Amino acid sequence: MDTQTIQTTPPSTKIHLPASLEQNRITTLPEFAYYIPDFISEEEEQAILHKVETAPKARWRQLTHRRLQTWPSDLVKNTLLDSRPLPDWLEQPVVSRLLSMPSSGNEFNIFASSPHRRPNHVLINEYTPGTGIMPHKDGSAYHPVVCTVSLGSSLCLNLYRTKEDGALDPEPVWRILQEPRSLLITTGEVYTEYLHGIDGITTDVNLSQQTVANWNLLRSPSQFQDGTNERQTRVSLTYRDVLKVSNLGSKLGVFRRP
Ligand SMILES: O=C(O)CCC(=O)C(=O)O
Ligand SMILES: [Fe+2]
């Protein structure tokens, strides 16, 4: 299999990215979802986690069960009112690596046809064991490409469909197991037609080749041999391109977080 080898800093580990995303497509899912197990190194994971944990307190927004950060800021009426670039620790190594991977067909990379040709927004979610996120769609604020880097722990992302009457079918159609340091990209029909969510449980159960859509692409399937995954705290970085960006917030000095 063709791969591109990337020397990380510090130079103790090498990352082997696929020469094309097509090699890591989750073929058991509708089009398109891609899973790259070792997208960042352990050192890079630790460095990003440190930045997340030491961000100014005002950066965190506490929800009932979960807390999150938005970079460079929240959206207001589907608009990013802050045109500052992402901080360096969110840009490197993730964005440059994302943009270096050719996608299928004649596309240069997965953001080649997005308005800003790159992600301009990162949502950081922290899930302690027992915490999840309700089934939802990401909606129209974003170009329909979602890149999620997982840190700290594995968990299952569920995909749901709506029934004929438009109501949510509560039984997930597929599950994607996301290991720490992995990258999951969802786009196309997976973005537009299906809902996604994470169960608020402490252990993912019944994991197997038959029940996990990306089993063949996992780094360590043997770790889940007994069919379970005991969750630890997982932090996810969700990279997207917000369609509408305005400079207004910067001019007024409002809506800005430190
Ligand atoms: O944390 C994740 O993997 C999913 C987050 C998500 O779906 C969202 O914030 O829209
Ligand atoms: Fe989402």
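This is a short exchange about how some terms apply to a predicted model.

In this predicted model local features need pLDDT of at least 70 and side-chain atom pairs count only at pLDDT 80 or more, whereas totals for chains, interfaces and linings use all residues. Residues are numbered from 1 along each chain as its sequence is written, and chains are lettered from A and ligands numbered from 1 in the order in which they are written.

Colleague: Why does Asp138 count as partly exposed?

Modeller: A residue is buried if 20 or more other C-beta atoms, placed from the backbone, lie within 10 Å of its own, exposed if 12 or fewer, and partly exposed in between; Asp138 has 16 such neighbours, so partly exposed is the class that applies.

Colleague: Which residues does Asp138 touch, not counting those up to four places away in sequence?

Modeller: Asp138 touches Val146 and Tyr191, where contact requires that the two C-beta atoms, placed from the backbone, lie within 7 Å.

Colleague: What surrounds ligand 1?

Modeller: The residues around ligand 1 include Asp138, His196 and Thr238, a residue being near a molecule if its C-beta atom, placed from the backbone, lies within 6 Å of it.

Colleague: How do you know that the radius of gyration of the protein agrees with that of a compact globule?

Modeller: The radius is taken over C-alpha atoms, and the globule rule is 2.2 Å times the number of residues to the power 0.38; for 258 residues a compact globule would be near 18 Å, and the protein has 18 Å, therefore the two agree. The C-alpha trace spans about 55 × 50 × 40 Å along its principal axes, and buried residues make up 36% of the 258 residues.
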